[in-house]
Structures are given as C-alpha cells and as structure tokens.
Amino acid sequence: MDRICNLTRQQALDLLKKYNSELFHIQHALTVEGVMGWYAGELGYGGEADFWAQTGLLHDIDFERYPEQHCVKAPELLREGGVSEDMIHAICSHGYGLCCDVKPEHEMEKVLFAADELTGLIGAAALMRPSKSVMDMEASSIKKKFKDKRFAAGCSRDVIRQGAEMLGWELEELFEKTILAMRSCEKRIQEEMAQMQG
C-alpha cells in the first residue's frame with residue numbers, strides 16, 4: 001500500500017518555515033523535495049511521490065535552530081506538526097551514523113541518505129558554471145569535484161559513497177540520476193525562491 005502524507009504541501013512548507021528562516025536552508029529543502037519526488041517516479045514508487053517529496057522537504061527541519069541536536073530534535077518538532085511516524089523515521093534515518101542511530105531501511109530512506117549530501121555538492125558545482133545551472137552539467141564534472149576534497153568540503157564524500165553502496169549503485173549512476181532529478185525541479189525552485197524574496 002502506498003504511504004501517504006498527513007499534511008498538505010502548504011502545511012509542510014509552513015512547518016519547515018516555522019523553524020527555518022535562512023534562504024539557503026529553505027532552498028536546500030526545496031531541492032531535496034524535488035529530487036525525492038523525481039526519484040519516486042524513477043524507481044517505481046509514483047504513488048508515493050508526494051510522501052517521498054515531503055520527506056525531502058522536511059528532512060532538515062531541526063538543523064537551523066538545533067544543529068547540535070540534528071535528527072534528535074526533529075521527531076518532537078515533526079510530531080507537533082502532525083507528521084506521521086513512518087515519515088519521521090525516514091527523516092531521522094538520513095542522519096544515520098552521523099547524528100543518530102536510525103538506520104535507512106526502505107529504498108526511499110537510502111535515496112534520501114545518498115542524495116541529500118550530493119545535492120549540496122552538485123548545487124555548489126552548478127554555481128561555478130557560467131550558466132549557474134544543472135541543465136548543462138554532466139556527471140563527469142561532478143566526478144572531478146567529488147575527488148577534490150577542498151571543493152564543497154562540507155559535503156561528506158563518505159556519506160555519498162555509503163549511500164550509493166546501500167542502493168547497490170555505482171557512484172556514477174548516483175551522480176547521473178541526481179543531476180537529472182535536480183534538472184527536473186530547478187526552474188520551479190527558482191520561481192518559488194523568487195516569490196519568497198519578492
């Protein structure tokens with residue numbers, strides 16, 4: 001049976017904004033939302049696309065205000081907001097081995113674990129391009145950036161590698177798919193961010 005969201009998209013966005021005001025964090029949340037929704041369709045979970053996307057939207061709900069308690073404070077904030085227990089588990093699992101011991105079990109949780117850090121790396125690489133976009137980016141350029149430890153040093157290569165292993169994918173496949181996922185939502189995120197700032 002498909003897992004469904006307890007909240008509407010607007011309710012989830014309002015909950016995110018209750019604890020997050022920095023535009024950088026909101027843009028990251030929107031990016032992971034779009035990427036997760038794309039992956040749901042790609043991997044045969046189209047009926048759960050909203051659930052995957054909303055998990056992506058809320059995955060860092062506690063990070064801006066409670067960075068020392070990341071994925072530990074989240075359940076309390078999410079429960080207060082009416083988020084379901086299976087979504088709370090999925091959200092916490094992206095901090096596995098880093099800030100909590102909730103293990104990614106479902107394929108969706110493994111995708112979130114792998115793609116979350118990678119979107120940061122790809123996003124940073126996109127900003128270096130003349131186009132400032134992922135639309136003309138190839139996996140080969142991410143491979144180079146991945147090897148350069150000084151580039152986007154905050155994006156953990158170990159987590160990205162571990163995520164690819166969990167999924168049983170080569171790194172290149174993870175790079176290619178995540179670039180396509182980010183292409184699918186880039187324009188919509190730009191429009192939404194412009195509205196928020198307008």
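The structure is a predicted model, so it makes sense to start with confidence. The mean pLDDT of the chain comes out at 96, and 99% of the residues reach 70 or more. Going through the chain, helix 7 (residues 139–147) has the lowest confidence, with a mean of 95, while helix 3 (residues 49–58) has the highest, at 98.

Next up is helix 6, which runs over residues 107–127 and has 21 residues. From its first C-alpha to its last, helix 6 reaches 30 Å, and that is close to the 30 Å expected at 1.5 Å a residue. There is a kink along the way, though: helix 6 bends by about 30 degrees, with the kink centred on Ala115. Helix 6 is also mostly covered, as 15 of its 21 residues are buried.

Then there is the empty space inside. Rolling a probe the size of a water molecule over the atoms shows where such space is left. Searching the whole structure turns up one cavity of 30 Å³ or more, and the volume of the largest cavity is about 40 Å³. Its lining is made up of Leu16, Asn20, His25, His28, Ala29, Asp60 and Phe63. Helix 2 (residues 23–42) supplies the largest share of that lining, with three residues. Sorted by class, the lining has three nonpolar residues, three polar ones and one charged one.

Terms used. Residues numbered from 1 in each chain as written. Predicted model: local features only at pLDDT ≥ 70, side-chain atom pairs only at ≥ 80, totals over all residues. Heavy atoms only, no water. 1 Å grid on protein atoms, 1.4 Å probe; cavity = no way out; pocket = protein on both sides within 12 Å on 5 of 7 lines; lining within 4 Å. Points joined across faces, edges and corners; volume = space filled by probe spheres on them. Helix = DSSP H or I, 4+ residues; strand = E, 2+ residues; numbered from the N terminus. Nonpolar A, V, L, I, M, F, W, Y, C, P; charged D, E, K, R; others polar. pLDDT = per-residue confidence, 0-100. Expected span 1.5 Å × (residues − 1). Bend = angle between axes of the 7 residues up to and from the residue. Buried < 20%, exposed > 50% of the residue type's maximum accessible area, 1.4 Å probe, protein only.
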